[in-house]
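Please read them with the structure open.

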Amino acid sequence: MKWLRRKPTIITATGLVVVLVAAVVLWNVSSSRTFQFFGELVHRVDTTEKVVALTFDDGPDPAGAQQVLDTLDEEQVKATFFLVGRDLEKHPDLGRKIAQAGHEIGNHTYNHQRMVGVLPSTVAKEIEDTDAQIRRTGYRGDIHFRPPNGKKLFALPHYLSEHHRKTIMWDVEPDSAGTPTAQQIEQDVLDRTKPGSIILLHPMYQSRDQTRQALKPIITKLGERGFRFVTVSALLAGR
Ligand SMILES: [Zn+2]
């Protein structure tokens, strides 16, 4: 009757494997740039036209906002800023400048916390409090959403789907990992950008000087290759 004693061990081991596999699958889904369980997710647009969207995550922050706005103004480029509600509340003047310059503003949550394993009520509050801050800038357009660190699983996409909001991801992200130099950031963008790309940059905070330095050469060189810069909404409208 030895098996009677061994069976629970086998069942427990199988159960553990199932749980681990499920955890790995869910972790991968939560990090996916191209898939979520509910609603519409866009990470690039299928087009043969040489249009791309420059998108900036986080802030607004005094360390980077003005320099980014100046560069965009000099280059006559409209971009999309995924802003954090908490930062907007701290720096409403910067939010107004971004809106007044005619850029698109997206929602990047209020506290920039990982939106996985959170309650639906937390999701609603994070998004709605940030929407309110975005409207206070004077911005009137559609407010698309980008999850902090690209993380989403159940409650977040479900909320967005119910409210007919799009999740905007990206297909080019030169400065998300490590500490690349401005030249590496520029090169990565030039290597990976295709018609319809959504380029993610983090130029806002003090530590992101290399990204800010890369911005102008990125715009100039993609421009030389025939690319035109549009907001996320304009990119989506052109599909
Ligand atoms: Zn972010």
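1. F35, F37 and F154 are linked into a cluster by ring pairs. Rings of Phe, Tyr and Trp (its six-membered ring) pair if their centres lie within 6.5 Å; planes under 30 degrees apart count as stacked, over 60 as edge-to-face and the rest as tilted. By this rule there are 3 aromatic pairs. One of them, F35 with F37, is edge-to-face, at 5.5 Å centre to centre and 85° between the planes.

2. On provenance: this is a predicted model, in which local features need pLDDT of at least 70 and side-chain atom pairs count only at pLDDT 80 or more, while totals for chains, interfaces and linings use all residues. Residues are numbered from 1 along each chain as its sequence is written, and side-chain values use heavy atoms, with hydrogens and water left out.

3. F37 also pairs with F154, and this pair is stacked: 5.2 Å centre to centre, with 10° between the planes. F37 lies in the loop between α1 (2-31) and β1 (41-42) and F154 in the loop between α5 (120-136) and α6 (155-162), so the pair ties together parts 117 residues apart in sequence. Helices (H or I, at least four residues) and strands (E, at least two) are DSSP runs, numbered from the N terminus.

4. How accessible are F35, F37 and F154? F35 is partly exposed at 39% relative accessibility, F37 is partly exposed at 36%, and F154 is partly exposed at 42%. Buried means under 20% relative accessible area, exposed over 50%, partly exposed in between (1.4 Å probe, protein chains only).

5. The zinc ion has the protein donors D58 (OD), H108 (NE2) and H112 (NE2), lying 2.1 Å from it. Their spacing along the chain is D-x49-H-x3-H. Donors are N, O and S atoms within 2.8 Å of the metal (3.2 Å for Na, K and Ca); water is not among the atoms, so sites may look incomplete. H108 is buried, at 1% relative accessibility, whereas H112 is partly exposed, at 24%.

6. K50 sits over the face of F227, 5.2 Å from the ring centre. The criterion is NZ of Lys or CZ of Arg within 6 Å of the ring centre and within 35 degrees of the ring normal.
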